[in-house]
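Please look over the sequence and the 3D model shown here before reading on.

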Amino acid sequence: MAACSSTTSSSSSSSAGASGAGASTGDITCVDGAIQASGSSAQANAITDWVNAYQTACPGSTIDYQPVGSGAGVQAFISKQVSFAGTDSAVKDADLAKAAAVCANGGAGINIPLVGGAIAVAYNLDGVDGLVLNSETVAGIFANTITKWNDPAIVATNPNATLPDATIAQFHRSDSSGTTDNFTSYLTATAPTTWTYGSGKDWMAPGGQGSKGSDQVIASVSQTPSSIGYVELSYVLDATGAKAAAIDNGGGAVEATSENAATTIAAATVTGTGDDLTLKIDYTTKEPGAYPIVLVTYEFTCQSGLAADKNPALVQAFLGYGASDAGQANLVSTGYVPITGDLMTKVRAAIASIQTA
Amino acid sequence: MSTAVKERQAGGGAPQIGGASIHPADRNFRWLVIAAGVTVLVIMAAIAVFLVVKSIPAITTNSTSMWATEQWAPDSDPPSWGIAVLIFGTLWTAVIAMIIAMPIGVGTALFISFYASPRLSTALGFVVDLLAAVPSIIFGLWGLYFFMPQIVPLSQWLATYFGWIPIFENSQDLYTKSILIAGLVLAIMVLPTVSAISREVFLQVPKGHVESSLALGATRWEMIRMAVLPFSRGGVVSAAMLGLGRALGETIAVALILSAVFEINWQITEPGGNSIAANIALKWGEAGINGRSALIATGLVLFAITLAVNMTARWIVDRRKEFSGAN
């Protein structure tokens, strides 16, 4: 599976022919050694691409990322098993205190947003292309208050489509996931009167059908006529029977694309302190061309005080490659969303601030 | 308790055998089997202790009733989670599975034991055993992608003509990812357990009972009804209980098939249902510290339920033994 998505890395790795620690013309700084990391499965494909590119350029280093889930990844970091953890939601509060305790000499634990994503509302409806929904209709469908495709609310945003009098088969995630967390955060922020179930990793609303993992959700939508579900953008790009709905954010319909999602992520505000770049995403953005249903996944590690056997220098070098132009360009080709603008500058500064000795 | 009994037998009993000393090999073997027995007890105790210790934090911080709450939010602030839905879903799915599996499993065993030709019975027995070798993830995927579409018409038929019976009612007009489908897949999964044990039990029926009932002019059905079934009732019950144990604990197939909602629903033809084991599989990866503890607490409850099922099975088997007429 990994092999088919790693073809894009050739351009970046070929430029970094340097051996040893010298920073060369490319974006890859080689540091020898091995690190283990684990966490979010949502960013697994992005990390795998980066690992392949990095290891090709630096034969002396090994990076092992296990996509065990965000919670399990943070747990592994807390129990000092990994060098960094990938997580779909920033590590904070009680978990942050526990995780920062790993960092020696009172070092801070920092969340670094490195991989962005878009959540597509995927639908499968015969004869309907270019479906446009807004936050109210999305909330209504997933809260089970809109149950037919020809509901006036859906017709209103799709005046030219022939919508059938069919029951909407709605699919959500049955497992805990950062995708659900971000999707329900979007609904809570943009349609609070329709969506009254709050936000979280677990699906709380009644009705609909749960499927395990984004792969099963997209499979269910592709397989079931008149259905709808939410998945990360890359899944709907690969799907055959399902299409992504455009979202009208109040400033016109916006297609679910990496570029449109990057606009929203770049406008996020940093709520973390210091170099902790915990973000708050403005889901209610009305900016034309800003796709509002986005997620940001973080890498969590110690700014200082990461044990020497966890090889902080390699962590810095590897994350630095991920944050480089080449690394971020890789994201787009696999359906992820790059971090751009001022935020990227802060990300690079945060990675540079990691103390390696 | 059992070690005390063994100690007494060993201490008092051994010298009586001709007063000779125990052969070293004999002694060593005795210790070996004691060690084996103790190992099992230690493992079980270790599991129980682990479950209790790890589940205490979540149980003490739960802001709502662990038994009555119909939601799962152990990582929110304040934590709120309950296992009523999970216990109900686990039992309900397993019961549906057993209702389907028992007649087929026992029927298969009877066919193999008393009706099939020797060659067919060997082949059929082999195939049924093979069913037990299929990994549960395969059953899950097969159930989800192949079996489910085949069952949808049956669900629609049940809902249309028997919808007036509450459990077949379908207000959502959706027929996939239902308890019925999970129950059917589970039934297939427990079939080999039920069938294999029943077959063994039927083989224990004394030949004399079978032959004399036939000699007295009984038909084959009468022979089964009057000689075989009364004798094997206890064994068949324990087959059912072992199958039930498997159905209760099945994880990944259920996690894939069920829609996993957090509400108690009796309706078996519409999307829904949940189970303790499936819930752990679905929530573990993303669970926080308290979430994991809460999941382990549900594991403790499943442990207790399975223990209760097995003890009931033992009790029934022991009680039936006296009335089976076998002695």
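## Terms and source

A residue is called buried if 20 or more other C-beta atoms lie within 10 Å of its own, exposed if 12 or fewer do, and partly exposed in between, with C-beta atoms placed from the backbone. Helices (H or I, at least four residues) and strands (E, at least two) are DSSP runs, numbered from the N terminus.

This is a predicted model, in which local features need pLDDT of at least 70 and side-chain atom pairs count only at pLDDT 80 or more, while totals for chains, interfaces and linings use all residues. Residues are numbered from 1 along each chain as its sequence is written, and chains are lettered from A and ligands numbered from 1 in the order in which they are written.

Helix α8 of chain A, residues 213–223, is mostly covered, since 8 of its 11 residues are buried. These buried residues are G213(A), S214(A), Q216(A), V217(A), I218(A), A219(A), S220(A) and V221(A). They pack against β4 (109–124), β6 (169–173), α7 (178–190), β7 (209–211), β8 (227–232) and α9 (233–238) of chain A, where two residues are in contact if their C-beta atoms, placed from the backbone, lie within 7 Å.

For α7(A), 10 of the 13 residues are buried, so this helix is largely enclosed by the rest of the structure. Among its buried residues are F183(A), Y186(A) and L187(A).

## A helix pair in chain A

The axes of α11 (residues 312–323) and α13 (residues 341–352) of chain A come within 9 Å and cross at roughly 170°; axes are lines fitted to C-alpha atoms, for helices over the stretch in contact, and angles run from 0 to 180 degrees between N-to-C directions. That angle makes α11(A) roughly antiparallel to α13(A), because angles over 145 degrees count as roughly antiparallel, those under 35 as roughly parallel, 65 to 115 as roughly perpendicular and the rest as oblique.

In this pair, Q316(A), L319(A), G320(A) and A323(A) of α11(A) meet M344(A), V347(A), R348(A) and I351(A) of α13(A). The residues of this contact divide into 5 nonpolar, 2 polar and 1 charged, where Ala, Val, Leu, Ile, Met, Phe, Trp, Tyr, Cys and Pro count as nonpolar, Asp, Glu, Lys and Arg as charged, and the others, Gly among them, as polar.

## Where the chains meet

In the contact between the chains, 24 residues of chain B touch 22 residues of chain A. On the side of chain B, the elements that give two or more residues are β1 (72–73), α9 (252–257), α10 (276–283) and α11 (289–323).
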